[in-house]
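Student: I would like a close look at a single part of this model. Please take me through it step by step.

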Amino acid sequence: MTSGNGYQWVTKIINLVFQYFSEVHSEKLPIVLWHGMGDTCCFPFSLGGVKKFLESEIGVYVKSIEIGNSITEDFKSGYLVHPNQQVEMVCADLNNDTKLSNGFNGIGFSQGGQFLRAVVQRCSSLRMSNLITLGGQHQGVFGLPNCPSLSSRTCERFRQLLNYAAYTELMQNFLVQATYWHDPLDEAKYKNSSTFLGDINNERSVNQTYVDNLKKLNNFVMVRFNKDSIVQPLDSQWFGYYKPGQDKETQGLRDSEIYIQDRLGLQEMDKQNKIAFLECEGNHLQFTKEWFRRALFPYLK
């Protein structure tokens, strides 16, 4: 009788321990958002609305990254604060947020996608589980048509300026978009002069810390907008780009030097099914709540 009661108590304790660890394991992680060019952390019609949507639908803590001390400063940062400086600030900010200490998922919007990837690669102390990039420019851009929040004339002036002066020290330090301007007609100049993208893509040399940190992700999810009128080329959203030496034909990630030489560990991640290529039929960052629920919630819940 005593032996039977003892067995029941042991079984009960095992079940309670199993239940505890199951609940801990299934706990939904907080979410960190990083906006793109011409946007801010908190506009209710953009990331402020996304933040509210995620909090309501998933019921987790959502942090929308703000650079500076006001929405105005945050807006300007998308053009005028070097990504290296932004990444350093965000790394410190996220490390100081105790609500993120047990891990979190990240969602980067447009240029916020490659910036958030840089956070993963450079901030070893953070624990990001899944990284989702929406319309990110992982291999850079070679054109700025219809850039958000600016007139078409201003976009054209930006493009012309970048075409002629993107790799000068002045432009690399002054204009955010110059730091991920990728001229396929002069790959050597791009690799040697890019102060942000060339570094985080391990174009000049392999930073093993970047490789190791990126491989810690459970999933790296890239969303391409098939009717995007802003990002050129579209393939950059899936880590592809123009074939070197011309700006007409593109190639996918798996045909790129970065993948073939496995300079970021992406080949290994791909073999482990850690990379997902998703599509959305809208223009740049144009998606419905229904699409978001169906396509992205599996990586957030």
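Why does asparagine 201 count as buried? Please go on from there to the parts around the sheet.

Tutor: This is a predicted model. Asparagine 201 counts as buried because its relative accessibility is 0%, and the cut-off for buried is under 20%. The residue sits in a loop, between helix H9 (197–200) and helix H10 (208–215). Its side chain makes a polar contact of 2.8 Å with the side chain of arginine 117. Beyond its neighbours within four places in sequence, asparagine 201 touches Arg117, His138, Gln139, Tyr190, Phe239, Ile258 and Leu264.

Now the helix pair. Helix H5 spans residues 111–122 and packs against helix H4, residues 83–95. The angle is about 65°, and the axes are 9 Å apart. The crossing of H4 over H5 is right-handed. From H4, the contact uses Pro83, Asn84, Gln86, Val87, Val90 and Leu94. H5 answers with Phe115, Ala118, Val119 and Arg122. Seven of these contact residues are nonpolar, two polar and one charged.

H4 also lies across strand S1 (31–34), S2 and S3. It runs at about 160° to S1.

Next, the sheet. It is open, with six parallel strands in the order S2-S1-S3-S4-S5-S8. Strand S2 (62–64) and strand S8 (275–280) are at the edges with a single partner strand each, so one side of each has no neighbour in the sheet. On average, neighbouring strands are turned by 15° against each other, direction ignored. Within the sheet, strand S3 (residues 104–109) pairs with strand S4 (residues 128–134) over five bridges, in the parallel sense. Phenylalanine 109 stands opposite leucine 134 of S4.

Note on methods
Residues numbered from 1 in each chain as written. Predicted model: local features only at pLDDT ≥ 70, side-chain atom pairs only at ≥ 80, totals over all residues. Heavy atoms only, no water. Helix = DSSP H or I, 4+ residues; strand = E, 2+ residues; numbered from the N terminus. Buried < 20%, exposed > 50% of the residue type's maximum accessible area, 1.4 Å probe, protein only. Polar contact = N/O pair within 3.5 Å; in protein donor to acceptor, adjacent residues only side chain to side chain. Contact = heavy atoms within 4.5 Å. Axes fitted to C-alpha atoms, helices over the stretch in contact; angles between N-to-C directions. Left-handed = near helix turned anticlockwise from the far one by under 90°. Nonpolar A, V, L, I, M, F, W, Y, C, P; charged D, E, K, R; others polar. Pairing = 2+ DSSP bridges.
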